[in-house]
Amino acid sequence: MKSFINVQDIGPLEKALAEAFEIKNDRYKYQHLGRNKTLMMIFFNNSLRTRLSTQKAAMNLGMNVIVLDVNAGAWKLETERGVIMNGDKSEHLLEAIPVMGCYCDLIGVRSFAGLTDREYDYAETVLNQFIRYSGKPVFAMETATVHPLQAFADLITVEEYKGQGRPKVVLTWAPHCRALPQAVPNSFAQWMNAADVDLVITHPEGYELDPQFVGSARVEYDQRKALEGADFVYAKNWSNPGVTNPADYGKITCEDMSWTIDTEHMSWTNNGKFMHCLPVRRGLIVTDDVIESPNSIVIPEAANREISCSVVLKRMLEA
Ligand code: CP
């Protein structure tokens, strides 16, 4: 595997899940694969889970790890071509990327959505520059529009907690005080569409996700109807994707607190499990009693980030 961005990159999901559970049973089984290999993790914004789980997965595989926080200790990087660099940015990404590639065997990139220019964000300019100029396999540690390591961990978690039959999985928008990217819901929808689940997406009108990610999922604007009979409730905020009205891209156009997941919302479900990628803002996305309830599986979900990443790094080391 030369890059890991979309669900197609991992191949058949049954095989990927089998590998995930094999690694979960024996995390150090493939430690020989990473001997004398170096992972470089590059962060353009903050992280707790991705940083720790990716580093742990790499160590499980015997790799050396270098972490670079671009905004803390590195030269400020220019990302645009054709600019006169007479401001505070000392180095261009187009030199920095091949230099980084000299010091490692694999590169993980966490970039970000600017949320002002939809076309620029959805073109994944920064990630694609790493793929093009680093000379090394590159995987997404959340980019402007996707978060595949999270979605793979979410899939592993659904597989572990589902009962008999095809589970009903509901991705629900919830309110937030800051404009957030669409990366997590995009990837969650993409991966659940590829899995054997009944996926329903619910959000206020105007918050339609990009059709390439919605796929064959059912979109239900009535949150209660969507949640009825749900086996899994995946709550997440996202800013307006600008699909129905491009001028709204990246904006908060709904602050309706009735979308917050509380015990009444969970009572409409089939004793559903509560999921969120974390970090989560309590009182906005979810109430304390729901996230602290026995049906909340946010911690095992986060723990599976180590497993999803282990499978991805293993595949890249084997390539
Ligand atoms: N879920 C997730 O990616 O968390 P971090 O932003 O802390 O890495």
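This is a predicted model: local features need pLDDT of at least 70, side-chain atom pairs count only at pLDDT 80 or more; totals for chains, interfaces and linings use all residues.
Which residues lie nearest the centre of the largest pocket?

**View 1. The largest pocket and its lining.** Asn45, Arg110, Glu142, Leu180 and Pro279 lie nearest the centre of this pocket. They belong to a lining of 29 residues. The volume of the largest pocket is about 750 Å³. Helix 2 (49–60) supplies at least two lining residues, and so does helix 7 (183–194). By class, the lining of the largest pocket holds 14 nonpolar, eight polar and seven charged residues.

**View 2. The second largest pocket and its lining.** This pocket holds about 340 Å³ of space. Its lining counts 19 residues. Nearest the centre lie Phe44, Thr79, Phe112, Tyr120 and Val126. Two elements give two or more residues to this lining: helix 4 (118–122) and helix 5 (125–133). Eight residues of the lining of the second largest pocket are nonpolar, six are polar and five are charged.

**View 3. The crossing of helix 3 and helix 5.** The axes of helix 3 (residues 93–102) and helix 5 come within 9 Å. They cross at roughly 50°, so the two helices are oblique to each other. The crossing of helix 3 and helix 5 is right-handed. On the helix 3 side, Leu93, Leu94, Ile97, Pro98 and Met100 make the contact. Helix 5 answers with Val126, Gln129, Phe130 and Tyr133. By class, this contact of helix 3 with helix 5 has eight nonpolar residues, one polar residue and no charged residues. Val126 of helix 5 takes part in this contact and also lies among the residues nearest the centre of the second largest pocket.

Technical notes
Residues are numbered from 1 along each chain as its sequence is written. Side-chain values use heavy atoms; hydrogens and water are left out. On a 1 Å grid over the protein atoms alone, a cavity is a set of points where a 1.4 Å probe fits but cannot get out, and a pocket is an open set with protein on both sides within 12 Å along at least five of seven lines; lining residues have an atom within 4 Å of a point. Grid points are joined across faces, edges and corners, and a volume is the space filled by probe spheres set on the points. Helices (H or I, at least four residues) and strands (E, at least two) are DSSP runs, numbered from the N terminus. Ala, Val, Leu, Ile, Met, Phe, Trp, Tyr, Cys and Pro count as nonpolar, Asp, Glu, Lys and Arg as charged, and the others, Gly among them, as polar. Axes are lines fitted to C-alpha atoms, for helices over the stretch in contact, and angles run from 0 to 180 degrees between N-to-C directions. Angles under 35 degrees count as roughly parallel, over 145 as roughly antiparallel, 65 to 115 as roughly perpendicular and the rest as oblique. A crossing is left-handed if the near helix is turned anticlockwise from the far one by less than a right angle, and right-handed if clockwise. Contact means heavy atoms within 4.5 Å.
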